Amino acid sequence: MANIASARKRARQALKRRERNMSLRTAARSAIKDVKKAIASGNKANAQAALEKSRPIIDRVSSKGVLHPNAAARHKRRLAHAIKSLP
């Protein structure tokens, strides 16, 4: 455990930040999983609706620095490509 007051404060802040980041990361992962499930079902309309619903969530997590902007773009691009290739 930290002995200096500023180090104790930073440890407390890190825990709060970790909790916040974990919830955001979980939301992004869940949104991506929802789209993947819709793609697996084969229904293009449902998959497109799921992607439109998940895009703002992924963007929000990226803007807060939890997910790298390029990683967010890559996820959205791959999901959109998978939907486009559905029959």
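The questions and answers below concern the helices, the nonpolar core and the salt bridges of a predicted model.

Residues are numbered from 1 along each chain as its sequence is written, and side-chain values use heavy atoms, with hydrogens and water left out. Because the model is predicted, local features need pLDDT of at least 70 and side-chain atom pairs count only at pLDDT 80 or more, while totals for chains, interfaces and linings use all residues.

Reader: How far apart are the end C-alpha atoms of α1?

Author: Helices here are DSSP runs (H or I, at least four residues), numbered from the N terminus. The expected span of a helix is 1.5 Å times one less than its number of residues, so the 37 residues of α1 should span 54 Å. The model agrees with this expectation, since the end C-alpha atoms of α1 are apart by 54 Å.

Reader: Which residues does Leu 51 touch, not counting residues up to four places away in sequence?

Author: Contact is taken as heavy atoms within 4.5 Å, and Leu 51 is itself one of the residues of the largest nonpolar core. With residues up to four places away in sequence left out, Leu 51 touches Val 35, Leu 79, Ala 80 and Ile 83.

Reader: Which salt bridge partner does Arg 55 have?

Author: A salt bridge is a side-chain nitrogen of Lys or Arg within 4 Å of a carboxyl oxygen of Asp or Glu, and the structure holds two of them. Arg 55 is partly exposed at 26% relative accessibility, and the closest N and O atoms of its salt bridge are 2.6 Å apart. The two residues of the pair lie three residues apart in helix α2, which means about one helical turn, and the partner of Arg 55 is Glu 52.

Reader: Is Lys 76, which forms a salt bridge with Asp 59, buried or exposed?

Author: The closest N and O atoms of Asp 59 and Lys 76 are 2.5 Å apart, and this pair links distant parts of the chain, with Asp 59 in helix α2 and Lys 76 in helix α3, 17 residues apart. Asp 59 is partly exposed, with a relative accessible area of 35%, whereas Lys 76, at 19% relative accessibility, counts as buried.

Terms used
A nonpolar core is a set of buried Ala, Val, Leu, Ile, Met, Phe, Trp, Tyr and Cys residues joined through side-chain atoms within 4.5 Å. Buried means under 20% relative accessible area, exposed over 50%, partly exposed in between (1.4 Å probe, protein chains only).
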